[in-house]
Amino acid sequence: MRLTILGLWFAVALSAQDQASSEGQKLYQFHCAFCHGKGDDGMAANLVTPNLVHAPTDSSLVNIIRNGIPGSDMPPALGMSDAEMLQVAGYVRTLGRTAPTSIAGNASKGKALYMGKGGCAGCHMVQGSGGRMGPDLTQIGAMRSPSNLRTSIVDPSASMVGGWTMVHVTLKSGTKVHGIRLNEDNFYISLRDGKGKMQTVAKADATKIDRDITKSSMPNYEKVFTSDEMTDLIAYLFSLRGAM
Ligand code: HEC
Ligand code: HEC
């Protein structure tokens, strides 16, 4: 008798859990899928991982859903009750449980390509070393899905992240200055040139200022790497998950 009851309770509890996760899934579709896709194919952070950098615990996960991640594009949840946030958090955790902890490719070969043939470190910083002509990639594996990483490399202009506009200034003297725009107002524009040097130019001294709004200054690597090399490079980038 007790066993039957226990069995029944178990069945009910399990189906309640299914229910909760499908509610969570619906909420996820509505609030999160726009940026996170199915979890590992969105333009935002990859959620199909057992180790979320910003959300090691369930309470930090709910906290992120409630408040977003200040200073990033991850917004605070709008119009969600506490119970709904818990349901979405539960759903995100189920994504993590089925996560591939590794992907195809050899990350250490990928690192060699990154440092060598790709010349990526000339522009990107990882764990404090590298250049400053592109975004810091220390946590890029936690922030982007493998497919998004691939697009960044084979078609940089198709997946541009904001804040890295290249500008070309021609001064009255005829001198040309190129660099990543750091700051701009009505009178001045400051940029960081390819050598990492910061320059501020008075607009009154310029005859021409061109801004590459839709074109990334990152080279297109589609033809640089073989497809095996590309897989290794992505495995390396995907392994970059902050200080570990
Ligand atoms: C407008 C786009 C957008 C929406 C909508 C969005 N996110 Fe995010 N989310 C991001 C971005 C971008 C990041 C990466 C932030 C960073 O680390 O720079 C992120 C990061 C995260 C992280 C941290 C990942 C990690 O490895 O620590 C979690 C968890 C997360 N989002 C969950 C959610 C959930 C759940 C929802 C829906 C309730 C949601 N997000 C809605 C853009 C979005
Ligand atoms: C000349 C400088 C330069 C070089 C060299 C360069 N990048 Fe970039 N990279 C950038 C800039 C600028 C951006 C930001 C604009 C954009 O998204 O295209 C960027 C963006 C990225 C992004 C997207 C970041 C994000 O937040 O989604 C990834 C990934 C990336 N680069 C990886 C690489 C790899 C791997 C290499 C070497 C194979 C490389 N880069 C070489 C300048 C460079």
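Q: Why does the arrangement of the six donor atoms around the iron atom of ligand 1 count as octahedral?

A: Donors are N, O and S atoms within 2.8 Å of the metal (3.2 Å for Na, K and Ca), and water is not among the atoms, so sites may look incomplete. Six donors count as octahedral if opposite donors are over 155 degrees apart and all others between 65 and 115. In this predicted model, the six donor atoms around the iron atom of ligand 1 subtend angles of 87 to 179°, which makes the arrangement octahedral.

Q: Which protein donors does the iron atom of ligand 1 have, and where in the chain do they lie?

A: Helices are DSSP runs of H or I with at least four residues, strands are runs of E with at least two, and both are numbered from the N terminus. The protein donors are His36 (NE2) and Met74 (SD), lying 2.0 Å from the iron atom of ligand 1. Histidine 36 belongs to helix H2 (residues 33-36), whereas methionine 74 sits in the loop between helix H3 (58-67) and helix H4 (82-97), 38 residues apart.

Q: Is histidine 36 buried or exposed?

A: Buried means under 20% relative accessible area, exposed over 50%, and partly exposed in between (1.4 Å probe, protein chains only). Histidine 36, with a relative accessible area of 9%, is buried, while methionine 74, at 25%, counts as partly exposed.

Q: What are the protein donors of the iron atom of ligand 2?

A: They are His124 (NE2) and Met218 (SD), lying 2.0 to 2.1 Å from the iron atom of ligand 2. Histidine 124 is buried at 11%, and methionine 218 is partly exposed at 26%.

Key
Residues are numbered from 1 along each chain as its sequence is written. Chains are lettered from A and ligands numbered from 1 in the order in which they are written. This is a predicted model: local features need pLDDT of at least 70, side-chain atom pairs count only at pLDDT 80 or more; totals for chains, interfaces and linings use all residues. Side-chain values use heavy atoms; hydrogens and water are left out. Four donors count as tetrahedral if all angles lie between 85 and 135 degrees; four count as square planar and six as octahedral if opposite donors are over 155 degrees apart and all others between 65 and 115; anything else is irregular.
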